Amino acid sequence: MGGAIAAVTSDDPRLLKINDILDEKVRPALMGDGGYLEVLGLKDHTLSIRYQGACGMLPEFTYRHALMAIEGMLKQEIDPELEVIAV
């Protein structure tokens, strides 16, 4: 999927680890509800993602809460300065 392609084509080792974490902890839950999360890229300390499928129909509160949870997890495991933005 898109996340894996972005990781393979990047020379940033953080991106591979990010995709591993998302594959293990985030994407299975999203896929169970008919959604997906694609990693678009990582520049400096900013990770760009895109929600796909049913994720696009989430209420704003749920959408923001999920984004904050993903960012918190990745800050803890990858880089405390990481910012996650959904485009």
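Threonine 46 stands opposite glutamate 83 of β3. The structure is a predicted model, in which local features require pLDDT of at least 70 and side-chain atom pairs count only at pLDDT 80 or more, while totals for chains, interfaces and linings use all residues. Residues are numbered from 1 along each chain as its sequence is written, and side-chain values use heavy atoms, with hydrogens and water left out. Strands (E, at least two residues) and helices (H or I, at least four) are DSSP runs, numbered from the N terminus.

Strand β2, residues 46-53, pairs with β3 in the parallel sense over four bridges; pairing requires that DSSP find at least two bridges between two strands. β1 and β2, in turn, pair in the antiparallel sense over eight bridges. A hairpin with two residues between its strands is formed by β1 and β2, and aspartate 44 in the turn has a positive phi of about 55°.

Glutamate 38 lies in strand β1, and its bridge partner in β2 is arginine 50. Glutamate 38 is buried, with a relative accessible area of 14%; buried denotes under 20% relative accessible area, exposed over 50%, and partly exposed in between (1.4 Å probe, protein chains only). Seven of the nine residues of β1 are buried, so this strand is largely enclosed by the rest of the structure. The side chain of glutamate 38 makes a polar contact with that of glutamine 52 at 2.8 Å. A polar contact is a pair of N or O atoms within 3.5 Å; within protein, one must be able to donate a hydrogen and the other to accept it, and residues adjacent in sequence count only if both atoms are side-chain atoms.

Leucine 37 is in contact (heavy atoms within 4.5 Å) with residues including Leu22, Leu30, Ile49 and Ile70, not counting residues up to four places away in sequence.
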